[in-house]
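Open the model in your viewer and follow the stops below in order.

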Amino acid sequence: MITRRFLAPLPVSFFLFLFLFAGVFAQASPAKLTFRRVFPSSTPEFIEISVRDDSDAATYEIRQLSDDPGASPFQVGAPLRAKMFALAADLHHFQNLDLDVHRKIANLGEKTFSWEQGVEKHQVKFNYTLNTSAAQLLQIFEGLARQQEHFDLLTRRLRYDRLGINDALLDLESDLNRGLLPEPQRLVPLLDQIGADEKLVQIARERARNLADRIRHPR
């Protein structure tokens, strides 16, 4: 005689425990916020920046589409990151979100916000948005990209084109005047280096010192 053995059904409380455990695990995992912009025939054509909620360590990639891909490290401070993640929370971490205006306007590049935490992943793509929180987050990300472009350009000029330093500083000053740089203090050590370099023309050294002083002591 063949007997059959049946497993007793698992209690509902067991599944509730697994659900709560998964939620706690997801909350304990660091969250990552990523912005990508792809805009062919512009300069740059490709921007991608990723920040984490638990670390200043971030990555950026700014290049033409024909260039070799590869992210580089940089730093984003806790106060700015907190603002960015708060804006992402306002946008429900991009879950089931439609940001695009869906109007006939010029192509401004495909933009993507992505959110990752544990196994949870959401993203939204748009060309142009009127959503206030999304526009603020976009401004921060694009400002970080612009800020890093200034840093990289000044570093290259300092190494390979010292006569071009002053023009690069003028571009930086223009963006600083317009308030486009989210963390200009990141540039101060490099500006100090330029200001103290006696091999550079005096006008560039003076401009670098003035910019560093403005950033240190904002009005």
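Rings of Phe, Tyr and Trp (its six-membered ring) pair if their centres lie within 6.5 Å; planes under 30 degrees apart count as stacked, over 60 as edge-to-face and the rest as tilted. This is a predicted model, in which local features need pLDDT of at least 70, side-chain atom pairs count only at pLDDT 80 or more, and totals for chains, interfaces and linings use all residues. Residues are numbered from 1 along each chain as its sequence is written, and side-chain values use heavy atoms, with hydrogens and water left out.

Select Phe35, Phe94, Phe113, Phe126 and Phe141: together they form one aromatic cluster. The structure holds 7 aromatic pairs. In one of them, the ring centres of Phe35 and Phe113 are 5.9 Å apart with planes at 50°, so this pair is tilted. Phe35 belongs to strand S1 (residues 31-38) and Phe113 to strand S5 (residues 110-117), 78 residues apart; strands are DSSP runs of E, at least two residues, and helices runs of H or I, at least four, numbered from the N terminus. Both Phe35 and Phe113 are buried, meaning under 20% relative accessible area (1.4 Å probe, protein chains only).

Phe126 is in strand S6 (residues 120-126) and is buried.

Next, select Arg63 and Phe46. The charged end of Arg63 sits over the ring of Phe46, 4.4 Å from the ring centre; for this, NZ of Lys or CZ of Arg must be within 6 Å of the centre and within 35 degrees of the ring normal.

How values were computed. Buried < 20%, exposed > 50% of the residue type's maximum accessible area, 1.4 Å probe, protein only.
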